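Hi,

Here is the structure I promised to pass on.

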Amino acid sequence: MPRLLLFPFVDVLKQYQTPYVSLTGDASSALWPIVHVDDAVGMKLAVAHLTDLGHKKIGFVGKAVSGVEHRLSLFYQYVPSANVKFVKEDMNNSDELYQFINELAHHPEPPTALICATDYIALKVIHCAWQNGLHVPADLSVIGFGDITEASEAHPPLTTIRHPMEKMAEKAVSLLLQQIQDQQEIDQIQYKMKPVLVERETTKRMNW
């Protein structure tokens with residue numbers, strides 16, 4: 001749901017004193033109380049994993065939607081040498097992504113790895129890479145965010161940053177029950193949950 005539509009909805013919840021908790025990847029949304037993934041930790045894990053494997057030319061494919069759009073700024077924060085030509089800030093459709101991967105495939109010094117804002121994007125990147133004659137991870141390492149069900153079932157299985165969804169759900173329920181029992185709003189509270197790296201088969205060590 002777009003962020004602009006969320007605020008009127010939250011206003012209605014507050015008007016009727018209905019308890020709620022926001023589950024989001026972006027703490028700046030101001031939809032308190034919030035339970036969210038610590039994406040700074042997630043990006044650090046993704047970048048560290050790729051650099052440990054010897055990757056220096058790392059790109060990014062993002063999506064300008066609420067909850068994940070801030071991952072691009074985190075990418076630039078932890079990959080200060082990032083080449084803007086290796087970054088697709090907003091992947092609007094499959095044709096755009098195909099063209100972007102095609103351009104990378106024909107770049108004189110292409111990236112050896114891509115960090116994707118979500119697992120869905122990562123899976124599309126792998127498909128577009130295959131369409132452009134690139135093999136993952138032999139020619140291009142790919143890492144996603146989320147660890148959705150399809151990530152482990154993909155071919156090859158996707159390396160990703162796993163969100164602690166069970167812990168997030170437990171904390172959200174706990175906050176809801178607290179509001180119900182105390183019969184009052186909980187404001188200015190946020191809980192950051194640390195993600196973990198799940199290494200599968202879409203990232204590989206560079207061969208020197």
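**What turned up**

His163 sits in the loop between β7 (159-162) and α7; helices (H or I, at least four residues) and strands (E, at least two) are DSSP runs, numbered from the N terminus. Bear in mind that this is a predicted model, where local features need pLDDT of at least 70, side-chain atom pairs count only at pLDDT 80 or more, and totals for chains, interfaces and linings use all residues. Residues are numbered from 1 along each chain as its sequence is written, and side-chain values use heavy atoms, with hydrogens and water left out.

Back to His163: its relative accessibility is 14%, so it counts as buried (under 20% relative accessible area; exposed is over 50%, partly exposed in between; 1.4 Å probe, protein chains only). Beyond its neighbours within four places in sequence, His163 is in contact (heavy atoms within 4.5 Å) with Val37, Asp39, Arg71, Phe145 and Gly146.

Val37 also belongs to strand β2 (residues 34-37), where it points one way with Val35 while Ile34 and His36 point the other, and all are buried. β2 runs parallel to β8 (residues 190-193), with four bridges joining them; strands pair if DSSP finds at least two bridges between them.

Over on helix α7 (residues 165-182) you'll find Leu177, which is partly exposed at 43% relative accessibility.

And the cysteines? Cys116 is buried at 0% relative accessible area, and Cys128 is buried too, at 4%. The disulfide count (cysteine sulfur atoms paired within 2.5 Å) is zero.

Cheers
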